[in-house]
Amino acid sequence: MSTSLSSVPGFERLSGIPLYVPGKPIQEVQRELGLSRIVKLASNENPWGPTEAVKARVTSVVAGSEFEGLGLYPVSDGYYLRKRIAERKSLTVDRVVLGNGSSEILEMIAKAAFPGGGSAVIPRHSFAIYGIATQTAGGRVIESRASAAELDVDDILRAVAEDTRLVYLGHPNNPTGIRLERTALERLVRNLREDIVLVVDQAYAEYEDPTEYPDAAAYLDQRPNLLVLHTFSKIHALAAMRIGYGLGSRELMGLLERVRSPFNTNHLAQAAAEVAVQDLAFEAFSRLKNTEARTTFVLEAAKHRCQLSGTSGNFVLLESAFPAAELFKELLQRGVIVRPMQGYGLPNHIRVTFGKPEEMQAFWNAAGPLLDGSC
Ligand SMILES: Cc1ncc(COP(=O)(O)O)c(C=O)c1O
């Protein structure tokens, strides 16, 4: 008897949802191309960490003690890490939720919002998981207008439909590297219908100048339907650990607790993040290194007459005359992994993460001759 999964109610819908395509891992390129020296500038990781203090803490967990070790379940809700985060953000611990990466919190909020259908408004050229989480949870995507250079708050507000439950905003946005000014963010927070949860994804916020950055957490007390997300994968350099956090009202956090899987964040990740979240010096150092890398990149790009978009985050979007997939392949052959952006509606753009100076040099050694005359 032949069976078809697509005949199972609900399954057919899933095959139409785009698959998330991650940055290509170094090992895979080594295996496929037999190259020994490979530079990965594809997933917006921080090349400067994690710190020795974080590594020492992880090692002590592995060594084990009466309270912790690999044989014991982790603290299910990550209370001790949430407490550290709450202290840093001047909030109470019941206003913090943890996820297996902030991606999991994007899934949690979608799981909470769309069981009975409904829609999410997502600006064009946003992080792919917003749309994937919405659709897998049973929601519909409404794309609002945005270019590689500008987010359009008025269009987000106009795009809202009667059944809209969530609005997602990358702030700064990946892959465009743009963010809203304070007045525009305020306009969105104040004018968005109250029965819609505004999800402000601040995965790259720590790369911004703290004296200028409009942190959406400032509006948490004004808007109960606001979820602000952060991750330990970017400036905290813990991408392999898979841990991120969300901030919101007590009520919203209480609801997310109901869709959170028990033990969703592991003990190694909680322990590492507890150290990382307190290390302001490492954050400042990484921010400085990122700014230096950006400055050098902009100068080099100008020599090749390349167009760049956005000035936020630890990455840059570069436009060339090449189709993105082709440029990606050419660079791969030369041992440099970047991210082609055709899947984000940007057919001629690649995204390049700012690495260490020697990694950026490797990028320009490979890309320079290709881009001359093609930028
Ligand atoms: C805008 C944005 N949000 C969230 C994430 C997810 O981060 P993680 O799941 O590793 O915490 C990323 C990762 O690239 C991102 O670019």
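User: Which domains is the chain divided into?
Analyst: This is a predicted model. The chain is divided into domain 1, made of 9-40 + 281-371, and domain 2, which covers 52-278.

User: What separates the centres of domain 1 and domain 2?
Analyst: Taken over C-alpha atoms, the centres are 24 Å apart. In the contact, domain 1 takes part with 24 residues and domain 2 with 28 residues.

User: What area do domain 1 and domain 2 bury between them?
Analyst: About 2,200 Å², with 61% of it on carbon and sulfur atoms.

User: And which residues in domain 1 lose the most area to domain 2?
Analyst: Glu283, Arg287 and Tyr344; together they account for 27% of what the domain 1 side buries.

User: How many salt bridges are there across the interface?
Analyst: The rule finds 1 salt bridge between domain 1 and domain 2.

User: Which side chains meet in a salt bridge with a distance of 2.8 Å, N to O?
Analyst: Those of Arg88 and Glu283. Glu283 was also named among the residues of domain 1 that lose the most area to domain 2.

User: How many residue pairs are in polar contact between the domains?
Analyst: The count is 10 residue pairs, both residues at pLDDT 80 or more.

User: Which elements give two or more residues to the domain 1 side?
Analyst: Helix H1 (11-14), helix H11 (280-303) and strand E10 (315-319). H11 gives the most, with 5 residues. By class, that side of domain 1 has 11 nonpolar, 9 polar and 4 charged residues.

User: E10 came up there. What sheet is E10 in?
Analyst: An open sheet of 4 strands in the order E9-E10-E13-E12, with antiparallel pairing. Strand E9 (307-309) and strand E12 (339-340) are the edge strands, each pairing on one side only.

User: How many bridges join E10 to E13?
Analyst: There are 5 bridges between E10 and strand E13, residues 349-353, and the two run antiparallel. As one example, Leu317 has Arg351 in E13 as its bridge partner.

User: Changing topic: where is Arg179?
Analyst: Arg179 sits in the loop between strand E5 (164-170) and helix H8 (182-191).

User: What is Arg179 in contact with, neighbours within four places in sequence aside?
Analyst: Leu151, His171, Pro172, Glu208, Glu212, Tyr213, Pro214 and Ser312.

User: Which of those does the side chain of Arg179 join in a polar contact of 2.6 Å?
Analyst: Glu208, through its side chain.

Note on methods: Residues numbered from 1 in each chain as written. Predicted model: local features only at pLDDT ≥ 70, side-chain atom pairs only at ≥ 80, totals over all residues. Heavy atoms only, no water. Domains from an automatic or database assignment. Contact = heavy atoms within 4.5 Å. Buried area = accessible area lost by both parts, 1.4 Å probe. Salt bridge = Lys/Arg side-chain N within 4 Å of Asp/Glu carboxyl O. Polar contact = N/O pair within 3.5 Å; in protein donor to acceptor, adjacent residues only side chain to side chain. Nonpolar A, V, L, I, M, F, W, Y, C, P; charged D, E, K, R; others polar. Pairing = 2+ DSSP bridges.
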